[in-house]
Amino acid sequence: MLTKNRFVLVKEEATYGTDPTPTPSANAIEVMNFDISYEGDKQERDTMRNNISPLSPLMGKRWIKCSFDVEIKGGGTKGTASRVGDLLEACGFAEVVSAGSSVTYSPANPQSHKSVTIYAYDQVSSSSSILHKITGVRGTMSLKIEAGGIGIMSFDMKGLYNAPTDVVNPTAPTYETTLPPIVESSLFTLNSVNSLIVQAVNIDLNNEIVEQDDINSVGGIKGFIITARKPSGSLNPEAVSMSTYNFQSDFVGATARALSLVIGSANGNKLTITAPKLTLDSVGDGDRNGLRALDIPFSLSKDAGNDELILKFE
């Protein structure tokens with residue numbers, strides 16, 4: 001069984017935890033570094049008896065975790081959501097489609113958070129596969145953006161336990177054909193300053209995912225809920241004069257600044273990332289191949305609310 005012979009389907013659930021039956025033709029997503037882990041709470045049985053030999057434990061609550069990376073790219077047509085949109089909604093974003101124009105993702109209140117079902121097929125032979133099915137999936141997402149590379153979205157997800165099964169090989173998956181844009185000419189600005197030389201920007205939603213324990217549910221878990229988020233990140237600009245940009249002033253004053261950057265330029269394959277209130281956590285020395293740089297972790301906060309990080313595909 002080859003590591004590469006795994007493919008993944010993702011589809012939004014109409015009802016939480018109910019399998020919407022994703023198909024290879026409509027719901028296949030190209031992923032990297034897909035890892036799946038079957039988790040559980042082992043219940044030890046530490047009873048008193050006539051010897052000190054341990055008893056076999058029982059398995060209590062059980063669930064599934066998975067993590068994977070996805071290339072940042074659009075749906076190929078302005079105003080058409082890419083398949084990664086279902087994953088973003090399962091990470092607490094609200095999707096707003098403006099026909100023929102854009103698809104925008106902004107943080108949503110928990111009452112409107114969506115969920116997805118994930119299928120992962122491991123091909124065993126020319127005729128059969130192992131199907132890993134995860135329902136009721138929610139999670140968190142991070143962005144890795146580096147100059148001259150392909151932007152990456154990384155997902156860490158949790159969902160309800162389903163036992164893996166042997167299945168007949170499904171039909172070959174059909175993937176979106178849009179190519180990921182290279183990170184270049186990104187119009188990076190911080191506090192409207194566009195002259196900073198930045199090699200990388202990382203952003204993490206830091207969603208808090210909690211189990212909804214339930215004695216009536218199989219596995220003892222009714223579902224997973226996003227109860228909080230605390231977006232943070234980092235950037236590494238080359239060091240500049242204080243008159244060009246005074247990072248120390250922003251740090252000491254905890255002054256909130258707006259950030260924006262763009263990945264791609266083609267219609268249907270352009271992503272604009274904005275954050276209205278970025279504050280610096282610290283300002284430290286960095287080195288980039290002998291060039292003096294700064295290592296700057298930051299936090300993102302709301303402006304009007306549910307707007308601390310906006311992803312707009314056009």
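Here is a friendly conversation about a predicted model of one protein chain, working from values to the words used for them.

User: What makes up the secondary structure of the protein chain?

Analyst: The protein chain has two helices and 20 strands. Its C-alpha atoms fill a box of roughly 75 × 55 × 40 Å along the principal axes.

User: How many residues are in the protein chain, and what share of them is buried?

Analyst: There are 314 residues in the protein chain, and 42% of them are buried.

User: Why is strand β16 described as largely enclosed?

Analyst: Let's look at its residues, 257-263. Five of the seven are buried, so the rest of the structure largely encloses this strand.

User: Which strands pair with β16, and in what sense?

Analyst: Strand β11, residues 189-190, pairs with β16 in the antiparallel sense over two bridges. Two strands count as paired if there are at least two bridges between them, so β11 and β16 qualify. Strand β17, residues 271-280, also pairs with β16 in the antiparallel sense, over six bridges.

User: Why is the contact between aspartate 122 and arginine 6 called a salt bridge?

Analyst: Compare the distance with the cut-off. The N to O distance for this pair is 2.6 Å, and a salt bridge asks for a side-chain nitrogen of Lys or Arg within 4 Å of a carboxyl oxygen of Asp or Glu.

User: Are aspartate 122 and arginine 6 buried or partly exposed?

Analyst: One of each! Aspartate 122 has 8% relative accessibility, so it counts as buried. Arginine 6 has a relative accessible area of 25%, which makes it partly exposed.

User: What makes glutamate 30 and lysine 73 a pair that ties parts of the chain together?

Analyst: Their side chains meet in a salt bridge, at 3.2 Å from N to O. Glutamate 30 lies in the loop between β2 and β3, and lysine 73 in the loop between β4 and α1, so the pair ties together parts that are 43 residues apart in sequence. Glutamate 30 is partly exposed, with a relative accessible area of 42%, whereas lysine 73 is buried at 11% relative accessibility.

User: How do you know that aspartate 250 and arginine 257 form a salt bridge?

Analyst: The closest N and O atoms of the two are 2.9 Å apart. The limit is 4 Å, so the pair passes. Aspartate 250 is buried, at 3% relative accessibility, and arginine 257 is partly exposed, at 23%. Elsewhere, salt bridges that share partners join Asp41, Lys61, Glu211 and Asp213 into one network. The structure holds 15 salt bridges.

User: Why is threonine 104 called buried, and what is it in contact with?

Analyst: Threonine 104 has a relative accessible area of 18%. The cut-off is under 20%, so it counts as buried. This residue lies in strand β6, residues 102-107. Leaving aside neighbours within four places in sequence, threonine 104 is in contact with Ala94, Glu95, Val96, Ile310, Leu311 and Lys312.

User: Where is asparagine 206, and is it exposed or partly exposed?

Analyst: Asparagine 206 is found in the loop between β12 and β13. At a relative accessible area of 31%, asparagine 206 is partly exposed. This residue also has a positive phi of about 55°, although it is not a glycine.

Conventions
Residues numbered from 1 in each chain as written. Predicted model: local features only at pLDDT ≥ 70, side-chain atom pairs only at ≥ 80, totals over all residues. Heavy atoms only, no water. Helix = DSSP H or I, 4+ residues; strand = E, 2+ residues; numbered from the N terminus. Buried < 20%, exposed > 50% of the residue type's maximum accessible area, 1.4 Å probe, protein only. Contact = heavy atoms within 4.5 Å.
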